[in-house]
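Subject: Structure handover

Hello,

Here is the structure I promised to pass on. Please open it before reading my notes below.

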Amino acid sequence: GSIEAVIEFARAGIPVVPLPMPLMGETGPATVAGTLVVNNAENLASLVISEFASSGAPVVYSSAAGGIDFKTGGAAEGAPEYGLVQMGCAQLARYYGLPSEVCGGDCDSKALDVQCGFERAMTLTTSILTGADIITGLGGLNAANLMCPELLVIDNEIIGAILRIGRGFEVNDDTLAVDVINKVGPGGHFLGERHTLEHYKAETWVPEISDRESFGTWQKMGSRTMDKVAREKIKQILATHKPEPISEGAEKEISRILNRAEAELLK
């Protein structure tokens, strides 16, 4: 069924994402490099099928490969090896000149706890800094067996911080600010300097749901933890968000496709 779907999608010009899932030591070798070989072979096989079906058909080089827990045999999607495999796949996609989709942000934790946070931060960092075009797994818990809406908001926060790291910083006469440092001098502060006003927005990442208040202020505001803040954000989004309606032309085309498909199925 999957091969037939690849052929039909290729002929229709719909991008195909093979998403191989070899696991180190089970369906792939126990090494990161060996698992990348298997993952690469599956991607190239799908690419060849698409190309035979329709020359130039769009294909996204992809990966959901990773490690396992050798004590249980289960997938370990919050493991550092998982992030390493995704890094390798993003680089291979760049080598072939293909867009990439990798998994990142998933975790093995079953709840919004410390394990959840550090595992997804680790795998999201490797995926984003390697330059993957599309990252899946956001909002996922328990190796993607659970979906948590609050976690989508938290993932958005984590990703914002990682993107800031990925942007790096520029070094030139203006950013070195030696003249401003000399002007302010020892014991002074930079809050009133024009240089600060000109640069703080571009240089400083501002979180949306993270708390940076003093402990006393945090207590006065209800001692809310991040999961509670995220839950409130979800409720606000669901209550106020109004999705942009699709165009009338697109709606008619969708109806035409559905009617044609229904007629073919009823033959």
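The notes below cover cores, salt bridges and cysteines.

This is a predicted model, where local features need pLDDT of at least 70, side-chain atom pairs count only at pLDDT 80 or more, and totals for chains, interfaces and linings use all residues. Residues are numbered from 1 along each chain as its sequence is written, and side-chain values use heavy atoms, with hydrogens and water left out.

Cores

The largest nonpolar core has 16 residues. Such a core is a set of buried Ala, Val, Leu, Ile, Met, Phe, Trp, Tyr and Cys residues joined through side-chain atoms within 4.5 Å. Buried means under 20% relative accessible area, exposed over 50%, and partly exposed in between (1.4 Å probe, protein chains only). Leu141, Leu151, Ile154 and Ile209 have the most contacts inside this core. Two or more residues come from each of helix 4 (114–129), helix 5 (149–167) and helix 10 (226–240). Helix 5 gives the most, with six residues. Helices are DSSP runs (H or I, at least four residues), numbered from the N terminus.

Leu151 touches Leu112, Cys116, Arg120, Gly139, Gly140 and Leu141, leaving aside residues up to four places away in sequence. Contact here means heavy atoms within 4.5 Å.

Salt bridges

The count is eight. The rule: a side-chain nitrogen of Lys or Arg within 4 Å of a carboxyl oxygen of Asp or Glu.

- Arg120 pairs with Asp155, with the closest N and O atoms 2.5 Å apart. Arg120 is in helix 4 and Asp155 in helix 5, 35 residues apart. Arg120 is buried at 0% relative accessible area, and Asp155 is buried at 0% too.
- Lys183 meets Glu193 at 3.1 Å, N to O. Lys183 is exposed, at 62%, whereas Glu193 is buried, at 15%.
- Glu253 bridges to Arg256, with N and O 2.6 Å apart. The two are three residues apart in helix 11 (residues 248–265), so about one helical turn separates them. Glu253 is partly exposed, at 37%. Arg256 is partly exposed, at 41%.

Cys148 is in no disulfide either, with the sulfur of Cys116 nearest at 7.5 Å. Cys103 is buried at 9% relative accessibility, and Cys148 is buried at 10%.

Best wishes

How values were computed
Disulfide = S-S within 2.5 Å.
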